[in-house]
Amino acid sequence: GGRVESFDLDCFWSAMKTMRTPWSSCGTSFVGNTGSLIWSVPDARICRRQRFHCGRVLCRVELGSDGLVDVAVVGAGPAGLSLAAELGQLGLSVVCLDQALSQPWPNNYGVWVHEMRRAGHEDCLAHRWESTAVYLTPPMGSPKQVFPVPYGRMDRAKMKDKLLAICERDGVRLEHENVSHVDQTASPYFSVVHFGVDSTLRARIFVDATGHSRKFAKFEPGSDPGFQAAYGIEAEVEEDHGFPLGEMVLMDYRDDYMQGSDYDRAEAERVPLFLYVMPTAKNKLFLEETSLVASPPVSFPYLKERLYKRLAHMGVTVKSVEEEEFCLIPMGGTLPVRGQRTIAFGGTAGLVHPATGYMVSNTLYMSKKFASVIHSKLSDPDKTADELADELWKEIWEKTFLRLRDFHVFGGEFLRRRSSSELREFLHAFFQIPIDLWTQFLAFDLLNPFDRVRYGLGVFFYTTNRIRALLIAEAAFLGRWPLLRSVLPLQDVERREELNIS
């Protein structure tokens, strides 16, 4: 079958921790500093551009006599590096440490153009499509829907180079070193960061931006997350692939290629997968066979098998593969323990969208706001490290954002329990509601409870009776108070919580 039959979550986190050291074999690399677990064969162009930064400290911060800096950030993925760059621009003394600093970011980041514009990084798009297409199998309306919502592919080399240049300009110290441990008992005013062979530094604020490796941040007990799994290829095909070049395919849930036998039809219903397509030329494109969310996750060999079976049915023959990607993203699950001295950011902080897997552009945007908050909190030299951390955690997961995450977590849990036909029925309704609502849902932007109610009622109105019944049942027996409070005005939620009403 397609799903991993036995999946030990503790084993997964343990493997993530022990594999923090980058390794390479036959051109394959593991990078553990991003928001997901990725194996990727990077193209030579990216390696050549970023090898320039390998093993060198771009700019050394002048430490005080006691080796004290304002902020130490561990992890130089999009979250850690963008936060370090923003902090440097505000004049703080910052050190960013990552043993994988010289490695290219492996992810093929797909982003909504308006989100990148909001974050101030629209210039770092490698490709842009002016419209977005979705394919759903009839009888759920037309098999294809096209929306005038521009979509982009991040130029990961350009984005990383841009952030590194900002760090160099503003005096951020970049250390190509592994952080072994952090001592938070030596002083109430700083943490002692141990890195490299026998080096240390002291930081008033310590930030864990190591993604889902959970190397330093502590997490609350609770339910296991779902997982988005994807197998992707950057490919050259024999002939014209047939996808319009000005249009990216966000989701192709058609399963006509799985109708050849009773077994195939049952598999297609049991393991819902979609194709994600970024066409860049008539004979070149990035393809990804994706499981939206499942627990346990769908295996990579199964995803690869389904991708090539789909392509064969479409008459698309792969001539060569320039890049291969294996992506596993934990979604939902528990949050870090808020109030701990270690501050989490990016994937470590649970900022991955629990229902869609999106994170990078929202994190780039949040890094500006969070850096500003850190700057203001550090203005008081008498605050202890624990006092600073407590105030910063309240800013990362302030109540409005927590209520929004409750809403998204319910959505993710609902989707991961659906069969293929149920999922298509839900998505048919999802894409019938106003574009501003579903794009805000995908972008972590439904901050107003009233908009979340509009979104929910819209999906309920357009969907089938089967999905309506499932939504009602799961809202009543599984969503309960967390779901209800996510759609109530915040002052009403606070009043109920003060009265211990649940």
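Thr 356 is buried in this predicted model, with a relative accessible area of 12%. Thr 356 belongs to the loop that joins strand 20 (342-344) to helix 8 (360-377). When neighbours within four places in sequence are set aside, the residues in contact with Thr 356 are Gln 228, Leu 292, Met 331, Phe 441 and Leu 442.

Pro 225 has a relative accessible area of 3%. Because buried means under 20% relative accessible area, Pro 225 counts as buried. Pro 225 and Gly 412 are separated by 187 residues in sequence, yet their C-alpha atoms are 9.5 Å apart in space.

| Residue | Location | Relative accessible area |
|---|---|---|
| Thr 356 | loop between strand 20 and helix 8 | 12% |
| Ser 421 | helix 11 | 16% |

Ser 421 lies in helix 11, which spans residues 420-430. At 16% relative accessibility, Ser 421 is classed as buried. The side chain of Ser 421 forms a polar contact with the side chain of Glu 269, at 2.6 Å. Apart from neighbours within four places in sequence, Ser 421 is in contact with Glu 269 and Arg 466.

The helix as a whole is largely enclosed by the rest of the structure, because 11 of the 11 residues of helix 11 are buried. Among these buried residues are the charged side chains Glu 422, Arg 424 and Glu 425, and also Leu 423, Phe 426, Leu 427 and Phe 430. The cover over the buried residues of helix 11 includes strand 16, helix 6 (262-270), helix 10, helix 12 (435-442), helix 13 (449-462) and helix 14.

Strand 8 (residues 131-135) is mostly covered, with 5 of its 5 residues buried. In a regular strand, side chains alternate between the two faces of the sheet. In strand 8, Ser 131, Ala 133 and Tyr 135 point one way, while Thr 132 and Val 134 point the other way.

Strand 8 pairs with strand 16 (residues 247-252) in the parallel sense, over 5 bridges. Strand 8 also pairs with strand 9 (residues 144-147), in the antiparallel sense and over 4 bridges. Tyr 135 takes part in both pairings: its bridge partner in strand 16 is Asp 252, and in strand 9 Tyr 135 stands opposite Lys 144.

**The second largest pocket**

The second largest pocket holds about 490 Å³ of space. Its lining comprises 20 residues, of which Gly 333, Arg 405, Asp 406, Val 409 and Pro 482 are the closest to the centre of the pocket. Helix 10 (399-416) and helix 14 (465-486) are the elements that give two or more residues to this lining. The largest share, 7 residues, comes from helix 10. By class, the lining of the second largest pocket consists of 8 nonpolar, 4 polar and 8 charged residues.

How values were computed: Residues numbered from 1 in each chain as written. Predicted model: local features only at pLDDT ≥ 70, side-chain atom pairs only at ≥ 80, totals over all residues. Heavy atoms only, no water. 1 Å grid on protein atoms, 1.4 Å probe; cavity = no way out; pocket = protein on both sides within 12 Å on 5 of 7 lines; lining within 4 Å. Points joined across faces, edges and corners; volume = space filled by probe spheres on them. Buried < 20%, exposed > 50% of the residue type's maximum accessible area, 1.4 Å probe, protein only. Pairing = 2+ DSSP bridges. Contact = heavy atoms within 4.5 Å. Polar contact = N/O pair within 3.5 Å; in protein donor to acceptor, adjacent residues only side chain to side chain.
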